[in-house]
Amino acid sequence: MCGIVGYIGENQAAPILLDGLSKLEYRGYDSAGIAVFNDYNLEVAKAKGRLSVLAEKTDNGCGVRGSMGIGHTRWATHGEPSDVNSHPHLSMSGRFAVVHNGIIENYISLKKELSGKGFEFISETDTEVIAHLFEYYYNGDIMDAMIKVINRVEGSYALGVLCSEYPDQFIAVRKSSPMIVGLGDNENFIASDVTAILKYTRDIYYLDDNEVVVLKKDSVKVFNKDKEEVIKEKFTVDWDVSAAEKGGYEHFMMKEIEEQPKALRDTISPRIKDGKIVLDDISLTTKDIKNINKIYIVACGSAYHTGVVGKYVIEKMCRIPVEVQVASEFRYCDPIINNNDLVIVISQSGETADTLAALKEAKNHGARILSIVNVVGSAIANASDDVIYTWAGPEIAVATTKAYSTQLAVIYLIAAYMAEKLGMLTSGEYAKFIEEIESLPDKVEEILKSKEEVQYLASKFFNCHSIFFIGRNLDYAVSMEGSLKLKEISYIHSEAYAAGELKHGTISLIEDGTLVIALATGQELFDKTVSNVKEVKARGAVVMGITTEKHENMEDVADYIVKIPATHEMLLPSLTVIPLQLFGYYVASLKGCDIDKPRNLAKSVTVE
Ligand code: G6P
């Protein structure tokens, strides 16, 4: 949600801003704008709709001249998507231009106060108060104004600010919203994430909350709120430009599905040494693990679905009670947590507002926080006691695939690591589990080789109005993800049900020709799921069964079968989910949907 890019250097800023914003489109937006200093004043161009509208309006940026500027893609929260509500926002005199990602929670009282002082508001946004606050506090020193502004605003913000009286520099700050600084050769950048600037530089600074950065063409200085300079460590991102490009694929989603074997290898291999799981990244000792009273897993969307798998796996392997909750509920349910509880927070982006707030809630109760995050240096990673990164690389498609898969891999590593420390596994079981984890990337590769089988099935069912997914235990957990994948990108109504629960109501929705995708991969509950398949078949359902190569009885009951390789029972979700991702993708593709940017959705949900 909302993307920011800023540039200062020797080149024309506007084309670079538009290019950077195009890399942030995946975050979700409904309008875009840029502001450029044109040697005299700040020139602003904004447009509702896709970035292409802004590009056309500005002749691909050539119509707005100047080598310093800021750009923004806006996902509407305060006020409808419109030209006037788009960023950048100007202060009344036109001296300041501001782009903002986040929410200013006290904007109503600030707006009243500023209106009382004669400031006129033209938009419905919370951001406009920031532009006017700059004007109000400005006494010739932009840094002073910035400190005063951030002392007044409450909420979350990443801000890029241009001032027409500072033609050779611009200023930025972040708190609980993402922003990195890119360090180039005679040019410097800010951006919501590195994908926007990878083409120009891979050297970056991560900013901590309320660090203010002053960017000039040939220097970048970071200050704390006391205006003392902070010496930052430079990070070099090892992703190359192709990581954020489609590379010949029609959609990022398919590229990312295909990248899963590599993402899994990158996530798993460095953490297995000499037949042992080594989690150097975390400080949890054996004593800490033995003292864990309860584990909470908190996340949103697909990351929550990883958590549902995590509950089954950790409880089975470690015998520690695990509660999984969606973050937006957890934060308001007055959770019963204490300092013997471990809270595992899962997030691809590391910036989901509800997940971050839930983390803070848990921390306030004294819990220890272990997060599983894909974006290095993100707010959730920074706020956690321990972080285990998923090395999935940049994920651009809104519907997650490789991030979900690598989150699962980390859950398995954590479960086996703790189980071993707790003495819950024999050395043989431990070795076998590790061997099976290590073989997952190859098995995923094997499934991907026969993706045309799933494409064929998608061609039979893409006209369905409603599709049900059923399964038990881990198969149920994966059903939830399969159903979400399908509905978010194809807009087909879909629900996931615990197979045994169907007969308590949902089965009344089954009629002639309803497609039921039945997951029956686990050995223990296989026969039970087969019985549920028979129940829906008897009511006219068409059944697509997903099972392993070990199971043969499925052929007798299902109309269509997709087989996955066998593996350790606990690891099956990593394989089961692959045909479901492919099914969602192909159905959406056959329906002509905007697969990478489904309607109404954002990749990165930075509002509550
Ligand atoms: C959005 C995305 C989902 C993602 C969820 C949580 O809804 O579309 O794919 O699972 O946010 O995001 P996070 O970055 O916290 O994993």
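## A walk around the model

Start by selecting Asn-600, which sits in the segment after H19. A word on labels: helices (H or I, at least four residues) and strands (E, at least two) are DSSP runs, numbered from the N terminus.

You're looking at a predicted model, where local features need pLDDT of at least 70 and side-chain atom pairs count only at pLDDT 80 or more, while totals for chains, interfaces and linings use all residues. Residues are numbered from 1 along each chain as its sequence is written, and side-chain values use heavy atoms, with hydrogens and water left out.

**Stop 1**

(Buried means under 20% relative accessible area, exposed over 50%, and partly exposed in between, using a 1.4 Å probe and protein chains only.)

Now jump to Arg-319, in the loop between helix H9 (301–318) and strand S19 (322–326). Arg-319 isn't a glycine either, yet has a positive phi of about 55°. With 59% relative accessibility, Arg-319 counts as exposed.

**Stop 2: H13 against H19**

Select residues 402–421 for H13 and 572–590 for H19. Two packed helices are described by the angle between their axes and the distance between the axes. Axes here are lines fitted to C-alpha atoms, for helices over the stretch in contact, and angles run from 0 to 180 degrees between N-to-C directions. H13 and H19 pack at about 170°, their axes 10 Å apart. That makes H13 roughly antiparallel to H19. (Angles under 35 degrees count as roughly parallel, over 145 as roughly antiparallel, 65 to 115 as roughly perpendicular and the rest as oblique.)

Show side chains for Tyr-404, Ser-405, Leu-408 and Tyr-412 of H13, plus Pro-573, Ser-574, Val-577, Ile-578 and Gln-581 of H19; these make the contact. Contact means heavy atoms within 4.5 Å. By class, this one has six nonpolar, three polar and no charged residues. (Ala, Val, Leu, Ile, Met, Phe, Trp, Tyr, Cys and Pro count as nonpolar, Asp, Glu, Lys and Arg as charged, and the others, Gly among them, as polar.)

How many of the 20 residues of H13 are buried? The count is 18, so H13 is mostly covered, given the cut-off of under 20%.

**Stop 3: H4 meets H5**

Next, select 128–137 (H4) and 142–152 (H5), whose axes come within 9 Å and cross at roughly 130°. H4 and H5 are therefore oblique to each other. On the H4 side, pick Ile-130, Leu-133, Phe-134 and Tyr-137; on the H5 side, pick Ile-142, Ala-145, Met-146, Lys-148, Val-149 and Arg-152. Those contact residues split into eight nonpolar, no polar and two charged.

**Stop 4: Leu-159**

Leu-159 belongs to strand S7 (residues 155–163). Is Leu-159 buried or exposed? At 0% relative accessibility, Leu-159 counts as buried.

**Last stop: Pro-88**

Finish in the loop between strand S4 (68–74) and strand S5 (89–90), where you'll find Pro-88. Zoom in on the bond joining His-87 and Pro-88: a cis peptide, with omega about -5°.
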